[in-house]
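Dear colleague,

Please find below the structure that I am handing over to you. My notes on it follow directly after.

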Amino acid sequence: MNEEAAAVSPSQETQLRIYRTLVELRETGQKAHDLFLQNLVKGTVHLSLGMEGIAAGCAAAMKPGDLTFCTYRGHAHTLARGTSIEKVLGELMGRDNGLLRGKGGSMHLTSVEHGVMGSYAIIGAHLPIACGAAWRAQYKGASDISVCFFGDGTTNIGAFHEALNFAVVWKLPVVFVCENNLYMEYTPIADVTAVAQPAADRACAYGLDRILGDGQDADAVYRIAKTAFDKARSGGGPSLLEFQTYRFSGHSRADPAKYRPAGELDYWRDSRDPVKIYRKRLLDLGVGENVLAYIDSETQRIVDDAAEKGKAAPFTSTDILMTDVYADGGSAWRN
Amino acid sequence: MAELTYRDAVARGLAQEMSRDSDVVLIGEDIAKAGGVFKATVGLYDQFGPLRVRDTPISEQALLGAAMGAAMTGLKPVAEIMFSDFLAVCFDYFANEIPKSRYMTNGQVKVPLVVRTGNGGGSRFGAQHSQSVENWCMMIPGLKVVAPSTPYDVIGLMAAAIRDPDPVIFFEHKSLYATKGEVPDGEIVDQLGVAKVVRPGKDATILALALMVPRAIAAADRLQAEYGINCEVIDVRSLLPLDTKTMLSSISRTSRLFTVEENPRLCGWGAELVSIAVEECFYDLDGPPVRITTPHIPLPSAAVLEDLAIPSVERIVETVRKSMAA
């Protein structure tokens, strides 16, 4: 590793934190899947199983006060900033202990106190919104940056292009992170996109560097993200990052993902699992198996406990149906 | 006291609030050095500088989305969407994002912004630069919607909108920009959600908004002079929140209700008001409520056609006279 790369590489303390986050995201995602099959989670969930390396690596490279904007596939990014697992699972189950007390649900996880400024379920909508948060930081001379996560499918909607041009012209402290999991919902992204790498190959249109990384390697994500975050924070303007990744489950709970060629899932699961890759790396670096096993079992216990607390919690209070439409706390539209 | 145009009132209202609060920032297309295509932001760039009055690319999604992101993190942006017709290209932001965030996040996210937009017909611009689209916004829970008709109200409602903690869509009427009105010196701050009786009367209530207000007043004057019908004209001013008290109280007193709406017929604001009146003061009415609207057509460009489409003083007079005689 050269000196430059070393400067943006995670310390061993950070690596242990990344590992813990990876396990938390994996276990919570798996738990959400199980709770759905038990009919305890209604509606839908969009899981990030297999894609945890991007959330864990980016979150580790962010600073307190930095802002996260994510999509309806936002559980991992929300949790990676420190949001309570119990509150997230409670929200999925529509319980009173839920993060949003059941008003948002799986697709709208938000935790302002952790810098998670929302999960947006309209493709592309949050890229301009992240620009606005970055504009505020620029205007106020604040040091925070905005980080906006989205999928490969987002690169084909207008707001993506409007936001990139806008962010570059205004030189905003915002970083756009594309999670290319090869499929826009049910369709291979390559079938519907003019270029091979849907985000990276568009960067030049906005005068940005072509940055493509391995999303299954959380350390690689960390290094690339940290470089972009440092640039944004120091007034160098926006970056567009694309990470190659893969989701182990379908687009949503309604999707059995039968459109994938035979063997593809097995390959990614066996050889490209970000949790397995990271665990092996830490062992190779000399971290004790007992240390990692402790993180594994402790995380499993926390997630199990969170799910049980959610199951035991009452359904959300119906008193809140008409609250918080307007700033006065209510929903009155006439006198 | 000074006479001011509606256009200059916009700039004065903005300047009043920008002087008070450095978090108030303007964003829009051609609003900075150019002073706006309607010249409603002239002088603000020179007075407040390039950081507070910023031009954007022709990217309505980016500019409205950015206004939202800035609002939810601490600024008080006032975004201009040049023609209200263009709200259609950033509809997601005022249909899905801006108004729903507070509710969806259980009160965590707040979006205190103002979207100013040039609304309405009379400029011979044709179907994509002339619409009255207040009803596009009125149907969305979480928004507030105002449409002033005088320079005085522009300043006061602008201040109220900027100081309001909720998102406000502020409809400026393009055909009113050149009109003038008396405006007192000093700070002017009005209140959202308050309708105004602009011409007292006892025989019928005419509800009107924006450009239709001066037409309703002119029609009421003629109905009085020519037919002895004494109409009360109410400037609705605020569609969300809606001041039903002022309007229902007038309707109960006069026993007749007319709405004058520039929007195409279906789902105009008047339909909601008629529905409320029928539900809540039906037995006070002496006749069916009547809506005077633009027909349900795209607006044409040629003067003779556009003037025929949008409610005129003549049409208001004739409709009220015939209905009252029936």
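Is Cys137(B) buried or exposed? Cys137(B) is buried, with a relative accessible area of 0%, where buried means under 20% and exposed over 50% relative accessible area, with partly exposed in between (1.4 Å probe, protein chains only).

This is a predicted model, in which local features need pLDDT of at least 70, side-chain atom pairs count only at pLDDT 80 or more, and totals for chains, interfaces and linings use all residues. Residues are numbered from 1 along each chain as its sequence is written, chains are lettered from A and ligands numbered from 1 in the order in which they are written, and side-chain values use heavy atoms, with hydrogens and water left out.

On the cysteines, a search of the whole structure finds 0 disulfides over all chains, a disulfide being a pair of cysteine sulfur atoms within 2.5 Å. For Cys137(B), the closest cysteine sulfur belongs to Cys90(B) and lies 9.5 Å away, too far for a bond. In chain A, the sulfur of Cys178(A) is 11 Å from its closest counterpart, in Cys148(A), which is likewise too far for a bond. Cys178(A) is buried, its relative accessible area being 0%.

On helix packing, α8 (residues 212–227) and α12 (residues 313–325), both of chain B, pack at an angle of about 50 degrees with their axes 8 Å apart. Helices here are DSSP runs (H or I, at least four residues), numbered from the N terminus, and axes are lines fitted to C-alpha atoms over the stretch in contact, with angles running from 0 to 180 degrees between N-to-C directions.

Methods:
Helix = DSSP H or I, 4+ residues; strand = E, 2+ residues; numbered from the N terminus.
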